[in-house]
Amino acid sequence: MNIIFFFFQILFVLLFSPLCIGVIRKVNALMQSRKGASIFQPYRNLKKLFHKDEIISEDASWIFRIAPYVVSASTLVIATSVPIAFAPAFAPAGDILVTIYLVAMGTFFLALAAMDTGSAFGGTGSSREMTLAALAEGGLLFTMLVPAVIVGSTNIGMIASRIGTLSIFQYAPLLMAFVGFFLVLLSENARYPFDNPATHLELTMVHEAMILEYSGKRLALLEWAAANKLFIFLILAANLFFPSTISGAVFGITLIVSGLLTLFKSLILAGVIALIESSIPKLRYFRLPDLLFTSFVLGVISLIISIAM
Amino acid sequence: MVDVIIQNGLAITLVFFLVGAFGSILFQKSPRICNAWSHAFAFLGSAAGVLFSAMVLVLGKTVSYQQETTLPLFEISVRIDPLAAFFIFIVSIVALCTSLYGIGYMAHYHGKYNLGIFGFFYNVFIASMLLIFSAQHAVYFLLLWELMSLASYMLVTFENRTEGTVYAGYIYFVMTHAATACIAFAFLLLYHAAGSFDFDVLRANADELTPSVQTAVFILALIGFGTKAGIIPLHIWLPHAHPAAPAHVSALMSGVMIKTGIFMLIRFFLEFSHPYAPWIGSIILLIGAASSLLGVLYALCEHDLKRLLAYHSIENIGIILLGFGGAMIFASLGLQSFMRLSLVGAFYHTVNHAVFKALLFLGAGSVAHATHTRNIEEYGGLIKTMTWTALCFLIGSMAISGLPPFNGFVSEWLTFQALFSGISSGNVFLTIIFIAGIASLAFTGGLALACFVKAFGVTFLARARSNEAHDAQECSISMRAGMIVLALLTLVFGVFAGSVIPVLSHIVQSVTGFSGHAAALFSTSTTVSVRNQFASISPPIIALAYIGALIVVMLSVYSVTRRRTVTRGLTWDCGTPLTRRMEITATGFSRSLLMICKTFVRPLKNVHIQHIDQSHYFFTFQKIELSFLDIYELYFYRPIAVCAEYVTDRARKIQSGNVNAYILYIVLVFICMIVWLSLSNV
């Protein structure tokens with residue numbers, strides 16, 4: 001029973017994650033008065049990449065070869081446990097700490113793979129990514145801890161199914177924590193103002209610098225994994241900090257409805273990311289820690305408020 | 001039968017070490033025999049130690065043995081309770097692997113240094129650690145403590161013709177003896193209060209201490225054992241001494257010896273004197289927070305691989321103290337079940353750190369052995385020739401960074417959960433302390449990850465940065481075997497956490513006498529849950545899910561793309577010829593992170609330029625040095641040294657060299673004592 005359920009969770013994330021990227025790009029284009037590509041363009045890109053041959057650096061080792069699989073696998077394990085339509089009592093990555101550390105696992109291998117080809121770009125990208133990831137850790141943990149403390153469980157499914165029953169005042173610290181979480185979301189997913197996903201300028205790129213040497217199926221996997229990660233963070237933002245649409249029922253039409261509602265909420269948040277991208281510039285690298293520290297402080301303050309209440 | 005083994009287990013273990021120690025002195029003329037002999041007997045002794053301590057732990061028995069001596073205030077008193085058995089287990093299991101590794105590793109010292117001396121002190125060192133955990137009498141304990149310190153000093157200075165080794169040994173010697181003085185003083189205070197050096201009497205007297213004595217004992221024990229454990233700011237000997245010793249000795253010192261400090265802190269603060277006020281637990285928690293965060297930051301500064309690992313030991317001791325400090329706070333608040341959760345986290349991290357840190361030190365030793373340097377900037381590309389070492393080091397890196405399903409994750413998770421349960425304790429002051437602990441643990445996790453991307457990436461990946469690295473060979477079979485066993489252990493302790501935790505709970509029960517209900521920490525063979533389902537994880541399911549996902553991804557990608565070809569090509573570098581200088585360096589990797597944290601690490605940059613004539617733009621020579629300010633030496637140890645020098649300088653004035661004057665001093669002191677005694681009797 002659980003296996004089937006996990007399968008559907010993974011399928012949901014895999015199917016709709018490229019859509020998020022498509023929506024962000026579309027909204028960006030509209031904001032810039034362009035027509036923009038179809039929101040289904042990321043699917044076509046993935047298909048194209050899977051059909052291409054691959055070139056791998058002579059200097060690369062098995063770390064470079066295995067990293068895309070490890071990164072994808074960690075997003076899939078997290079995908080089994082995010083609250084989409086129904087919260088199971090137990091899921092592999094159901095604890096917020098497990099989720100955080102599985103995200104870190106993906107980052108770890110991606111950063112290693114980036115160093116593996118011995119290119120100056122990969123190394124720089126890896127250094128930047130690890131710097132941001134290390135500083136984002138505090139904000140990520142504390143902002144996710146706020147709903148956990150309010151609800152009385154660090155289990156993601158439990159948080160999502162109980163968050164709807166809170167009184168209006170309890171949402172005040174949650175809202176603050178959400179702002180902090182959203183900042184970390186932007187950092188972890190290489191979005192403005194932390195990173196520009198649409199550039200290959202060596203002065204600024206972080207995530208793109210790491211995957212520069214990849215091509216063909218491994219690039220496709222990494223692109224898809226990045227989309228999964230973004231979608232997972234969006235779902236967490238949508239269902240941990242706002243009245244959730246988790247269904248109590250295990251079968252039936254309600255499941256589909258609540259799944260679609262989650263998708264809808266995530267896409268709205270994706271639109272917000274696009275709005276941010278169109279309205280602010282990318283920040284200078286050494287200004288980014290201030291932003292991550294802001295997220296951490298927001299997390300701590302909202303945690304203290306939620307304990308005091 | 002079992003009883004006989006348990007009763008004599010320690011003695012049997014010791015016999016192996018003694019035979020190993022004296023045998024290697026006998027055979028010192030032949031390095032080959034001597035090497036095999038000393039490590040083989042250390043291996044057998046450790047194996048016996050593992051079996052014996054595991055039996056004591058599983059059966060939950062306590063073994064004790066006493067031998068009166070004719071010396072006043074001295075008796076040989078041995079008692080192996082579950083806590084001691086747990087630490088004996090840790091020492092034995094690490095020594096087992098390091099001894100296996102040592103056979104291959106020490107081979108390159110043949111003919112250069114005297115292996116007989118090494119073998120002797122190696123065996124004595126391990127044996128003294130085993131005895132320390134079982135000692136039940138303060139004077140006997142101090143003797144063993146000194147034996148351990150001296151044996152390890154001899155091992156640190158073993159490579160005495162290498163530059164810096166003797167200096168490293170000197171710093172270690174001074175620090176460890178200053179610490180021992182504090183410990184001796186702490187025991188004297190306890191003796192004054194309880195009237196005995198016997199640990200059982202001290203335990204019985206634990207509630208009777210006056211607050212001032214209690215505080216004094218706290219400070220002295222914290223300084224004394226904290227120095228051994230390597231808490232900041234008493235850590236300065238660690239990054240000197242650990243890299244200087246041979247790799248498997250570093251593994252023992254870093255993985256196990258510093259835990260003797262933790263062990264005695266537990267004895268002192270949970271057994272010899274309680275209950276403590278919450279602020280004392282808070283101090284320990286804050287020291288843990290500072291040590292973990294600063295330890296990992298200093299590790300990021302390092303590009304000597306073994307020094308980097310030494311700083312990570314400081315970090316991990318910090319994590320253990322987070323759990324232990326939390327436990328002390330809960331104990332003083334009377335929250336016994338939370339205390340158990342917290343202490344189990346600390347114990348679990350103790351064993352985990354021993355395993356993965358030994359593994360990493362052995363890996364670093366293999367690399368240094370193959371390339372003849374410890375400078376990380378001269379490695380690179382080693383994964384291609386040293387496949388096994390690379391794999392083991394990768395596993396160690398993942399374990400120390402707390403990535404599931406390896407062991408570091410479980411203990412960090414438990415520590416996190418213990419700290420989470422503290423934030424709602426109701427007291428604002430304590431809530432803030434716990435939040436500080438959580439924050440430092442969170443950032444420590446992130447920074448450790450960055451540090452090990454650097455350490456592993458620069459060492460093993462990409463192209464070789466030096467000819468030595470290019471020509472490096474994989475290490476010998478015995479060295480690989482030692483590492484592989486430890487790598488498997490990281491996985492075992494990670495996946496089977498549910499079976500380890502009950503044993504640890506039992507140890508906590510024997511230390512604190514708490515045997516309450518299981519609500520705060522409950523484990524089955526597959527799941528661990530805390531605080532009535534507040535949180536639960538299942539390490540085996542995480543591991544299975546991960547492997548399953550990996551296989552599914554690989555198979556489905558393969559089925560879609562099996563007709564696509566893979567070609568090998570050069571790394572793209574804008575068309576310029578690729579050189580080894582294009583790779584990122586360890587310094588460059590961590591520089592931006594350290595610039596961001598410059599409040600703590602104080603990066604320095606010295607630029608030397610010789611300009612041509614009066615020009616401001618053209619120069620003949622330019623040199624840039626990047627370094628870090630040693631704030632502890634400058635602001636902590638230097639002032640102490642200056643004060644000490646000043647005082648001793650003044651004291652010299654009364655030393656006239658005239659014998660008559662000295663006799664006068666003696667008479668004066670004598671009179672003062674008589675006056676004081678007669679006054680105090682009135």
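## Basis of the report

This is a predicted model, in which local features need pLDDT of at least 70, side-chain atom pairs count only at pLDDT 80 or more, and totals for chains, interfaces and linings use all residues. Residues are numbered from 1 along each chain as its sequence is written, chains are lettered from A and ligands numbered from 1 in the order in which they are written, and side-chain values use heavy atoms, with hydrogens and water left out.

## The interface of chains A and B

The size of an interface is often given as the accessible area lost when the parts come together. Here chain A and chain B bury about 6700 Å² between them, 75% of it on carbon and sulfur atoms. Buried area is the accessible area (1.4 Å probe) that two parts lose on being put together, summed over both. On the side of chain A, Tyr101(A), Phe108(A) and Met115(A) lose the most area to chain B, together 11% of what that side buries. The contact (heavy atoms within 4.5 Å) involves 74 residues from chain A and 73 residues from chain B.

One salt bridge is counted between the two chains; the term denotes a side-chain nitrogen of Lys or Arg within 4 Å of a carboxyl oxygen of Asp or Glu. It joins the side chains of Arg463(B) and Asp59(A), at 2.7 Å from N to O. Several elements of chain A give two or more residues to the side that touches chain B: β1 (54-57), α3 (62-79), α4 (96-116), α5, α9 (216-240) and α11. Such helices (H or I, at least four residues) and strands (E, at least two) are DSSP runs, numbered from the N terminus. The largest share of this side, 17 residues, comes from α5(A). By residue type, this side of chain A divides into 45 nonpolar, 18 polar and 11 charged residues. In this division Ala, Val, Leu, Ile, Met, Phe, Trp, Tyr, Cys and Pro count as nonpolar, Asp, Glu, Lys and Arg as charged, and the others, Gly among them, as polar.

## Helix α11 of chain A

Helix α11 of chain A (residues 288-308) has 21 residues. From its first C-alpha to its last it reaches 31 Å, close to the 30 Å expected at 1.5 Å a residue; the expected span is 1.5 Å times one less than the number of residues.

The buried residues of α11(A) include Leu292(A), Phe296(A), Val300(A) and Leu303(A). Buried means under 20% relative accessible area, exposed over 50%, and partly exposed in between (1.4 Å probe, protein chains only). Their cover comes from both chains: it includes α5 (120-151) and α7 (171-188) of chain A, together with α16 (407-423), α17 (428-460) and α22 (586-596) of chain B.

Gly402(B), which follows α15(B), has a positive phi near 75°.

Leu300(B) is found in helix α11 (residues 278-301) of chain B and is buried, at 1% relative accessibility. Beyond residues up to four places away in sequence, Leu300(B) touches Leu447(B), Ala450(B), Cys451(B), Lys454(B), Ser590(B), Leu593(B) and Leu594(B).

## Salt bridges within the chains

Over all chains the count comes to 17 salt bridges. In one of them, the side chains of Arg191(A) and Glu277(A) meet at 3.0 Å, N to O. Arg191(A) lies in the loop between α7 and α8 (207-210) of chain A and Glu277(A) in helix α10 (residues 253-279), so the pair ties together parts that are 86 residues apart in sequence. Arg191(A) is buried at 9% relative accessibility, and Glu277(A) is buried at 10%.

In chain B, Arg79(B), Asp81(B), Asp200(B), Arg203(B), Arg267(B) and Glu271(B) are linked in a network of salt bridges. Asp81(B) meets Arg79(B) at 3.5 Å and Arg267(B) at 3.1 Å. Arg267(B) lies in helix α10 (residues 247-272) and Asp81(B) in the loop between β2 (75-80) and α3 (82-105) of chain B, so this pair ties together parts that are 186 residues apart in sequence. Both Arg267(B) and Asp81(B) are buried.
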